[in-house]
Amino acid sequence: MVKTKKLEMKEYNFKKIEKKWRKAWEEKKIFKVKKDSKKEKYYVLDMFPYPSGAGLHMGHAFVFSLGDIFARFKRLQGKNVLYPIGYDALGLPAENAAIKAGTHPEDYTKNSIANFQKQQKAMGWSYDWDRMVKTSDPKYYKWDQWIFLKMLEKGVAYKKQSAVNWCPKCETVLANEQVINGKCWRHEETDVQVKHLEQWFFKITDYAEELLDKLDDLDWPEKAKAMQKNWIGKSYGTEIEFEINGEKWPIFTTRPDTIYGVTFMVVSAQHPKLMDLVTDKQEKEVKKFLKKLRSVSEKELESMEKEGVFTGSYAVNPLTQKKVPVYAGNFVVADYGSGMVMAVPAHDQRDFEFAQKYDIPIKTVISSEEQEEDVVKIGRAYTGEGILINSEKFNGIESKKAKKEITKELKKREQGKKVVQYKLRDWLISRQRYWGTPIPVIYCDKCGAVPVPEKDLPVKLPKDVKFGKGNPLKTNKKWYEVKCPKCSGQAKRETDTMDTFVNSSWYYLRYTDPDNDKEIFNKKKANYWAPVNQYIGGPEHITQHLIYIRFYTKFLRDLGLLDFDEPALKYFTQGIVHGKDGDKMSKSKGNVIEPLETIDKYGADTLRLALMSFASPESDTSWDEKVVEGSLKFLKKVYAYFSEFKDKKTKTSDPRIESKLNKSIKEITDFVEGFKHNLAIIKIRKLFDSFAEEKISKDTAEKFLTILHIYCPYITEELWEKIGNKPFISLAKWPEVDENKIDDKFEKEDEARDKLVTDIVNILKIIRSKGEEKEKVYVYVLPKELELYDTEQIEKKVGKPVSIFAVNDKKKYDPTKKSKNAKPGKPAIYLE
């Protein structure tokens, strides 16, 4: 029999073990993968990280461990697993950080990636490193530019005027994130202005219907699908033509039944045609109002007080022929519909508040028993449905019917029609910054906007640029001033770069063929590996990256490159690991737990096991040092037990252990498949406890280590070798369940024993707290339950002599008549 107390003294040198197996994995390249017709492919993907200078944080350690666990699990199940890694290396954070550090973004990114790799390898993640991609590599962004040219060719990429944040001191456009309370992030005293510039867009709205329709086919969390549906925002309504200064403006509304209650119109303050509506008399007031707008960020606009100014123009209501004033407002989005809304203050709360603020008439056109009093009297709009009043020939009609009747009337007059509208807007991809993919367009006075020929790709970012004033790309004349590809005349490059979401919208496909210089990827390779079988990432990406990656997949499919519609069949959203105080980890709060420091103190296996033990992976959780210490203690016991494992000739373990093993395999397999890792780890611990002081067969030992391996790859590689196997357990086989060996009788016995042991231990604790000690334990059970209790096993757990009697045993030792307290499933206990 193996005595674990003695074995705990055996040193578990995790640093030595981790170094040994990390080196072995790298030398043998055991995670390198290629097409294999004999195996079913399985593609596991983590959202690739932005390589910040701060390095890996605990959130990375958590989410990438989830990916690695699943990749190892599928590999052991015999799948041909693609599990790649790369770096989302371009973008504003790197540029800002580099400027702050006084270094070049390219150098900053290079150093950050090297630091990241060191930390990733320390965690034991089983990536195929040969497939690594970096979006800052011209070999990668060459294909971003190629896709752009294809979109331009198909009319999916186009240019139009759009509002931007402008810092007059930097002389450059700011991203929404760089606007802090209406001020520039660099110059805290400088007010940000709103300017209108020509910008590049992708026509994602062409795919709105398909993006919506295909959602239900995906095995994604319902919350994620609901968020995307809401973001795409399909709504059925009526487009009504209002005439303003002789020009027709199509206005979308879901409430045509309220058209007779329109008392004003609101055009977006960021609308490119706003000044066309402003009269000479109102120009000064409008410009004064516009100066107050300090961001084009929707989040900033939402938090602002709803304000506006009269433009001087009037719109003609097509049904009443009455004129209503047109206001410019800070709450209407410029690129939703026509960028103007009809305002019905009696039946829309936002319009109601605006009307009261600017003393605009309020006209009730829907009557309801729910709200009999006048809206002005009660101080709020009535937004429900009812019967039409003050609506000429439509009076007395119920709202739902009125919507149809009024739309029919407008259609007859050729002043309106039924339409479907989407909240989803075309994707603005222009960024006026340096560290992004250059847009492959050249501007010529004679030829206009000319695409860069494919043979001249990639258009590389020049390293020699100056930061601090204006667009850095314009500071390198040699790069900026070029010949026109069409007429060879003097021309200039586009100095906007692409949004970094562009880089991450197709990266999963580049992993399938990362070194291809001749084409974006080999079609056969991409269609063999993709789509992704299991994608893992945060909830913050659901309404941006996950919509863009779906759009790109559909566009590339339409180019004939892909034979599938969706990028990821399954998606798992992980929670957040908070500091031990329950707050989000941040340096300013001093609650950051560094992964490398934890690995140095406890080992990577311990960290991985603890991270999965805190809570269910989709839930937010808090760091708990006790769980980490408990995980290390458990691994020390496992190491001690298997280091002394010598009984390699035993063919089978005790039937009780075999039953427990097979039942555990069954449950753990289901838990891992469903990302219930905290529950799987509880089962693994219980399984170990069931044989920790027993002899087991080599087959049982191998199966246990294989299950533990997905959580703790280093220690299990070491112990796999110690019990007499050749490397690598990473490439072993996930154990199969033998249902014939599962005996529920053993489960009942174990459950009964565990309950009894817990009760005895608790009683002993209470007695010891009073300064006493008891040496013998007497247990009394119902006659039918006697066979459930194994005296020897209970003695081992309790550490004291135990005698067990049936309550009807006439020879039982029962000096205080405790046996009469025994109940079904609840033995009576006496100690002396």
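Is Glu372 buried or exposed? In this predicted model, Glu372 is exposed, with a relative accessible area of 69%, and it belongs to a patch of negative charge on the surface. The protein as a whole has 832 residues, of which 54% count as buried, and its chain is arranged in 28 helices and 32 strands. The points below begin with the overall picture and then turn to charged residues and to backbone details.

**Overall build**

- Along its principal axes, the C-alpha trace of the protein spans about 110 × 75 × 50 Å.
- Among contacts between residues at least 6 apart in sequence, 74% join residues at least 24 apart.
- The protein exposes about 39000 Å², and carbon and sulfur atoms supply 48% of that area.

**Charged patches on the surface**

- The negative patch gathers Glu369, Glu370, Glu372, Glu373 and Asp374, and Glu372 itself lies in the loop between strand E16 (366-367) and helix H13 (375-378).
- Because its relative accessible area of 69% is over 50%, Glu372 counts as exposed.
- A positive surface patch is formed by Lys400, Lys404, Lys411 and Lys418, and helix H14 (residues 399-412) contributes the largest share of it, with three residues.
- Lys404, one of the residues of the positive patch, lies in helix H14 and counts as exposed, at 62% relative accessibility.

- Glu18, which has its place in helix H2 (residues 14-28), is buried yet has no salt bridge.
- The nearest side chain of opposite charge to Glu18 is that of Arg22, at 4.6 Å, and a salt bridge requires a side-chain nitrogen of Lys or Arg within 4 Å of a carboxyl oxygen of Asp or Glu.
- When residues up to four places away in sequence are not counted, Glu18 touches Ile599, Gly603, Ala604, Asp605 and Tyr714.
- Lys183 lies in strand E8 (residues 183-184) and counts as partly exposed, at 24% relative accessibility.
- Lys183 and Cys167 are 16 residues apart along the chain, and their C-alpha atoms are separated by 8.3 Å.

- The peptide bond from Leu457 to Pro458 is cis, with omega near 0°, and Pro458 has its place in the loop between strand E22 (448-451) and helix H15 (477-480).
- Ala530 and Pro531 are also joined by a cis peptide bond, with omega about 5°, and Pro531 is placed in the loop between helix H18 (523-529) and strand E26 (534-537).

**Positive phi outside glycine**

- Asp359 has a phi near 55°, a positive value in a residue other than glycine, and is found in the loop between helix H12 (349-357) and E16.
- At 70% relative accessibility, Asp359 counts as exposed.
- Phe675 likewise has a positive phi, of about 60°, although it is not a glycine, and lies in the loop between helix H23 (655-673) and helix H24 (677-691).
- Phe675 counts as buried, at 2% relative accessibility, whereas Asp359 counts as exposed.

Note on methods. Residues are numbered from 1 along each chain as its sequence is written. This is a predicted model: local features need pLDDT of at least 70, side-chain atom pairs count only at pLDDT 80 or more; totals for chains, interfaces and linings use all residues. Side-chain values use heavy atoms; hydrogens and water are left out. Helices (H or I, at least four residues) and strands (E, at least two) are DSSP runs, numbered from the N terminus. Buried means under 20% relative accessible area, exposed over 50%, partly exposed in between (1.4 Å probe, protein chains only). Contact means heavy atoms within 4.5 Å. Accessible areas come from the Shrake-Rupley method with a 1.4 Å probe; for residues, only the protein chains shown count as cover. Lys and Arg count as positive and Asp and Glu as negative; His and the chain ends are not counted. Patches are made of residues with over 30% relative accessible area and no salt bridge: like charges are joined within 9 Å, nonpolar side chains (Val, Leu, Ile, Met, Phe, Trp, Tyr) within 5 Å. The place of a charge is taken as NZ of Lys, CZ of Arg, CG of Asp or CD of Glu.
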